[in-house]
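Here are my notes on the model, point by point. Please read them with the structure open.

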Amino acid sequence: TATIKNLKIDADAVSTMDIRVGVLVKDVVQSSTTLTITNCGIVGAFSLNNDGGSFVGRTLPAASSSVVTISKCYSTATISGTSSGGIMGLKAGNASTVNISECYTTGAISGTNAGGISGGSFGLNMSGTATIKNCYATGAVSGTEAGGIVGKAAGSGDTAVVIGNCYHSGTVSSGGSIAGSNLYGSVTINN
């Protein structure tokens with residue numbers, strides 16, 4: 001169990017060629033892990049390779065029965081990289097739960113499958129739940145299958161992907177204002 005709270009980080013000029021990088025947490029890899037990040041902020045501009053996010057890079061399939069909660073956090077960072085998200089990169093853990101709520105981003109995010117809040121395939125190959133609620137993004141999002149909130153909404157298997165009360169007010173070069181694409185279909189968007 002880990003809790004990170006009440007931090008503000010200036011991540012200006014961070015650049016990495018590694019994959020699955022978050023400024024606070026790279027990967028959630030252990031099963032039955034509980035990670036809570038609340039009331040944190042990240043500013044600056046940085047470049048990531050794949051599956052990166054301001055706070056968490058990604059959850060892995062090995063992280064079964066894990067719970068990741070990110071709430072009341074913000075990022076003003078400008079981020080570039082495939083499957084990058086303003087808050088989190090890729091969510092792809094079996095039987096794990098990710099809840100992102102009351103978060104916002106204002107920086108531009110670019111890259112294939114990029115998302116204002118979460119990049120990559122949110123909810124891919126898992127049987128847990130993946131939710132983004134009460135969040136918004138205002139920065140421009142660009143890249144193939146990029147979305148204002150998530151890059152790909154990828155509900156598959158027994159996954160319940162829910163995006164509720166979220167909006168994006170910036171420009172999106174391709175994809176949609178909420179999701180860049182919907183990979184499998186078991187996705188609920190309530191706005």
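1. Six strands make up an open sheet, ordered E2-E6-E10-E14-E18-E22, and their pairing is parallel. Strands here are DSSP runs of at least two residues, numbered from the N terminus. Two strands pair if DSSP finds at least two bridges between them. E2 (8–10) and E22 (167–168) are the edge strands; each has a single partner strand, so one side of each lacks a neighbour in the sheet.

2. Treat this as a predicted model: local features need pLDDT of at least 70, side-chain atom pairs count only at pLDDT 80 or more, and totals for chains, interfaces and linings use all residues. Residues are numbered from 1 along each chain as its sequence is written, and side-chain values use heavy atoms, leaving out hydrogens and water.

3. Strand E18 (residues 136–137) is joined to E22 by two bridges, and the two run parallel. Tyr-136 sits opposite Tyr-167 of E22.

4. The chain has 24 strands and zero helices. Of its 191 residues, 53% are buried, meaning under 20% relative accessible area with a 1.4 Å probe, protein chains only.

5. The largest nonpolar core holds 33 residues. Such a core is a set of buried Ala, Val, Leu, Ile, Met, Phe, Trp, Tyr and Cys residues joined through side-chain atoms within 4.5 Å. Those with the most contacts inside it include Ile-37, Phe-55 and Ile-100.

6. Gly-53 lies in the loop between E7 (45–50) and E8 (56–59). Gly-53 has 0% relative accessibility, so it counts as buried. Its C-alpha is 9.3 Å from that of Gly-81, 28 residues apart in sequence.

Terms used:
Buried < 20%, exposed > 50% of the residue type's maximum accessible area, 1.4 Å probe, protein only. Helix = DSSP H or I, 4+ residues; strand = E, 2+ residues; numbered from the N terminus.
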